[in-house]
Amino acid sequence: MILEVEKPLLELEEKIAELKKVTENGVDLSGVVRQLERKAEELKHSIYSNLSAWDRVQIARHDQRPKTLDYIRELFTQFHELHGDRHYADDAAVVAGLARFEGRAVLVVGHQKGKDTKENLHRNFGMPAPEGFRKAQRLFTMAQRFKLPIITFVDTSGAYPGIEAEERGQYEAIASSIALMTELTVPIVTIVIGEGGSGGALGIAVGDRVLMLEHSVYSVISPEGCATILWRDASKAEQAAATLGLTSENLSKLGLVDEVIHEPLGGAHRDLAMTYKAVQLALTRHLGELVELAPDDLVEKRYQKYRAMGRVQREVKVSP
Amino acid sequence: MPSIFDKFRKQKPRIDSSEGEAVPAKAPASDLWVKCAGCGTAMYKKNFQDNLKVCEKCGHHHKMTAQERVEQMCDQNSFSEWDADVISMDPLEFGPEYLNKLQQDRAKTKLSDAVLTGSATIEGLRVALGVMDFHFRGGSMGSAVGEKITAMMEKALDQKLPTVMITSSGGARMQEGMLSLMQMARTSAAVRRLNKAGLPYMCILTDPTTAGVAASFASLGDIILAEPGAIVGFSGARVIEQTIRQKLPPGFQTAEFYQKHGFVDSVVKRAELKRTTFEMLALLTRPLEVV
């Protein structure tokens, strides 16, 4: 997957690689190589400090961007995946299981997108069915029973829009999942790692702390959907993305996100090790703070946190 | 939500694109007659109003304004409004276009936003009541709707009242971005407080109740009633058709469909709604009745 915004950089990097090969074969071009490497670094800087909202959407959807199972593999030990909602099926678009994070037993739940077509078909492109939310709920309740903190990873374009999903109560599954999260007596840390698509994202995202990777996005509706409704033209998605305020900076400004986790220059997919490290550090810190809180305190703080999310004013009626 | 307004443009049996509204019949005397959005029958306007905007012929339930709903559901003059001055802002700076639309809809509906909240009595039983109005920005939920509903539930909690929530909404309001999405968490959290306090919470789904509203406070009722034919669901019909590339079966995403699939307790005709609501709430709150 090649991002439009990265193209000049990738071309330059290719050229550098070629010249290096020539140098290895005996013609010394190391001076030119160094020069071009400096140029590449500058280019990287200028590209990634001027990303539009639409560029962010593309980066957030990048197929090589780390996914939930990557974070689980890199940051957790003793992960044991747990399947099924105990009522109907197991939804592969949502992965969940017990694990240890720095020695502490936790529950991990996350949307799982694929990295290629085959995997995406298996994961239904990370779009949960009602069973995905019901699996999450079953395990949230179990985590509460055993006093395990919960960590959720958000990465979905949205809940799956299909006949069977509607028949089995997609809206009810999301609503009850959200409601349950508001009253759980264990700490919840949510990390938006890629795409946060509307209700399908929020269904597992009602955290005490909501963190967002710098280039991930979180939106009430997809830019494409917004453009279709506002202007009846899906090709205006770029414009819609800019308007929806879906970037980590915007959401942090609105107070909807507690911390933006900075990504290595070029985005998470360009330096995986650094990304994992940054996520781990943030997780350690937030979890460490939350486990100190008494359960009642935790629930009350969470209520107040979401209670405060809104921008309203009292209308002043001017008499004529 | 994947779609907010799509589905209302898709309802085929309806004879015009008026989104389920009864439209004024053509001449003569068009101000005296309306045409049913379900079957096209012309009805004398006064009879139509007296029949709670339900078609006498086909039973189609037309949309009501919040004020009409209050009149239908509450004892006369018992309704007293809360938070009548709470209005939305323009947090994403959509610009004057959005603010003007809000202003226009406030003037048109006499509401501060897409929900009317307050307390009232239903057959003498005092309740907290929320009524959404589709005529205000398609009933969409932004900060003001979320604030009014949450505040209503908190007052219900304070005053130990049962809560009745009558929904009609296309979902979260796009123009307020993620703040709109967060109203789902905000309102759901308040519902759980009612649950915990043992106060009944009843949802009445009217046409349409979809997307972010369906996926939050509208589906968390101890009891969930729905009006006949109301469109209910998460994803818009058009989005589903585009995703699966096939036509949707008739009756898909209606109140009856969701009763059949186990998500609605009972589909109740408008004329019986007040009595049913009262009796059910009384059954939950008054264990013994003098006979």
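**Figure 1. Strand E7 of chain B in its surroundings.** Strand E7 (residues 125–132) of chain B has seven of its eight residues buried, so the strand is largely enclosed by the rest of the structure. The model shown here is predicted.

**Figure 2. The antiparallel pairing of strands E6 and E7 in chain B.** Strand E6 (residues 115–122) of chain B is joined to E7(B) by eight bridges, and the two strands run antiparallel. Within this pairing, B:Ser119 stands opposite B:Ala128 of E7(B). E6(B) and E7(B) form a hairpin with two residues between the strands. In this hairpin, B:Glu123 adopts a positive phi near 50°.

**Figure 3. The parallel pairing of strands E7 and E8 in chain B.** Four bridges link E7(B) to strand E8 (residues 163–169) of chain B, and here the sense of the pairing is parallel.

Figure 4. Chain B contains nine helices and 12 strands. Its radius of gyration is 19 Å, close to the 19 Å that the globule rule gives for 291 residues, so chain B is as compact as a globular protein of that length. The C-alpha trace of chain B spans about 50 × 50 × 40 Å along its principal axes. Of the 291 residues in chain B, 60% are buried. Among contacts between residues at least 6 apart in sequence, 69% join residues at least 24 apart.

**Figure 5. The surface and charges of chain B.** The accessible surface of chain B amounts to about 11500 Å², and carbon and sulfur atoms account for 51% of this area. Chain B carries 36 positive and 33 negative side chains; the centres of these two sets are 5 Å apart.

Technical notes. Residues numbered from 1 in each chain as written. Chains lettered and ligands numbered in written order. Predicted model: local features only at pLDDT ≥ 70, side-chain atom pairs only at ≥ 80, totals over all residues. Heavy atoms only, no water. Rg over C-alpha atoms; globule rule 2.2 N^0.38 Å. Buried < 20%, exposed > 50% of the residue type's maximum accessible area, 1.4 Å probe, protein only. Contact = heavy atoms within 4.5 Å. Areas by Shrake-Rupley, 256 points an atom, 1.4 Å probe, with all protein chains shown as cover. Lys, Arg positive; Asp, Glu negative; His and termini not counted. Charge placed at Lys NZ, Arg CZ, Asp CG, Glu CD. Pairing = 2+ DSSP bridges.
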